[in-house]
Amino acid sequence: MTQKADIKFKREANRGSHEYDLACEVLDAGKICHVGFTQDDQTYVVPMACARMGDQLLIHGSVASRMVKNLTSGLNCCATMTHFDGLVYARSTFNSSMNYRSVMVFGVARLITDLDEKRKSVQVLVDHLMPGRRADLRASTVKELNATSLLALPIETFSTKIRTGPPEDTKSDLDARVCAGVVPLTQTAGEPVDAPNLLPDIKRPEYI
Ligand SMILES: Cc1cc2nc3c(=O)[nH]c(=O)nc-3n(C[C@H](O)[C@H](O)[C@H](O)COP(=O)(O)OP(=O)(O)OC[C@H]3O[C@@H](n4cnc5c(N)ncnc54)[C@H](O)[C@@H]3O)c2cc1C
């Protein structure tokens, strides 16, 4: 299937953008996306680790995964990345909202079969998930690479939507004696927990 997705914004179009650099910025700020596809009239949405490599979104999975089998058969998919940036509490339920950044990338993913490209893609993914880590790890074996599928979804048909700022209350609610505002939300890393079987003389590198 190759029909193009309808990426024209209809609702809250003022929050939407088709600007490439902005989409990349939002994609680069996250480490997981949700990949949706329909198989035999049933839609599946699968959370996956991802990273951008140039103008492609890399998605990786086991060769045995249903998603990989489907997507490599040329099925249309949509990968969505979402950042939940703030809880917007308005003076009414109706106007209560969320601040967010999200990107939807539509298209047909390509299976990366060339071993060199696959190796590079794994490195890009590792670098994105934990910058600095790659240099400390041994190279992936051919067996490991063969057990992993890497898909490249072109960032060609995409849309970005962003909401920022305070509640947008209706004028008639502004005199209500009820608190309104935004709780900003961020995702922060906690204190790392060393593996229980870590060799005793291993020091935790700075990048962790
Ligand atoms: C964290 C979060 C929470 C949200 N909560 C709600 C909610 O509770 N209720 C609600 O109605 N909406 C919510 N939204 C907005 C929602 O994602 C849709 O944008 C909105 O519902 C309009 O959908 P639609 O299909 O009518 O858009 P349309 O404007 O008809 O969509 C047309 C095209 O616009 C693009 N598009 C639409 N939405 C997005 C998006 N979020 N990101 C990137 N591209 C997009 C797609 O290409 C789509 O095909 C939320 C968004 C986020 C990120």
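This is a predicted model: local features need pLDDT of at least 70, side-chain atom pairs count only at pLDDT 80 or more; totals for chains, interfaces and linings use all residues.
Residues are numbered from 1 along each chain as its sequence is written, and side-chain values use heavy atoms, with hydrogens and water left out.

I begin with the chain as a whole. Its secondary structure comes to 4 helices and 10 strands; helices (H or I, at least four residues) and strands (E, at least two) are DSSP runs, numbered from the N terminus. Read from the N terminus, the order of elements is β-α-β-β-β-α-β-β-β-α-α-β-β-β. The C-alpha trace spans about 65 × 50 × 30 Å along its principal axes.

Of the 208 residues in the chain, 33% are buried. Here buried means under 20% relative accessible area, exposed means over 50%, and partly exposed lies in between, with a 1.4 Å probe and protein chains only. The chain exposes about 13,200 Å², and carbon and sulfur atoms supply 54% of that area; the areas come from the Shrake-Rupley method with a 1.4 Å probe, and for residues only the protein chains shown count as cover.

As to contacts (heavy atoms within 4.5 Å), consider those between residues at least 6 apart in sequence: 74% of them join residues at least 24 apart. On charge, the mean positions of the 25 positive and 25 negative charges are 2 Å apart. Lys and Arg count as positive and Asp and Glu as negative, without His and the chain ends, and each charge is placed at NZ of Lys, CZ of Arg, CG of Asp or CD of Glu.

I turn now to helix 1. Which residues of helix 1 are buried? In this helix, residues 20–28, they are Ala 23, Cys 24, Val 26 and Leu 27. Viewed down the helix axis, these buried residues fall within an arc of 165°, so they line one face of helix 1; the arc is that of the directions from the helix axis to the C-beta atoms. Asp 21 and Glu 25, on the other side, are exposed. The packing partners of the buried residues include strand 3 (42–53), strand 5 (76–89), helix 3 (115–129) and strand 9 (157–163).

Next, the cysteines. How many disulfides does the rule give? The count comes to 0, where a disulfide is a pair of cysteine sulfur atoms within 2.5 Å. For Cys 33, the closest cysteine sulfur is in Cys 50, at 3.8 Å, which is too far for a bond. For Cys 77, that sulfur belongs to Cys 78, at 7.3 Å, again too far. Cys 33 is buried at 0% relative accessibility, and Cys 77 is buried at 5%.

Gly 86 lies in strand 5 and is buried at 0% relative accessibility.

Ser 17 lies in strand 1, residues 16–17, and is buried, with a relative accessible area of 14%. Ser 17 and Lys 161 are 144 residues apart along the chain, with C-alpha atoms separated by 6.3 Å. Leaving aside residues up to four places away in sequence, Ser 17 touches Phe 9, Leu 22, Ser 159 and Thr 160.
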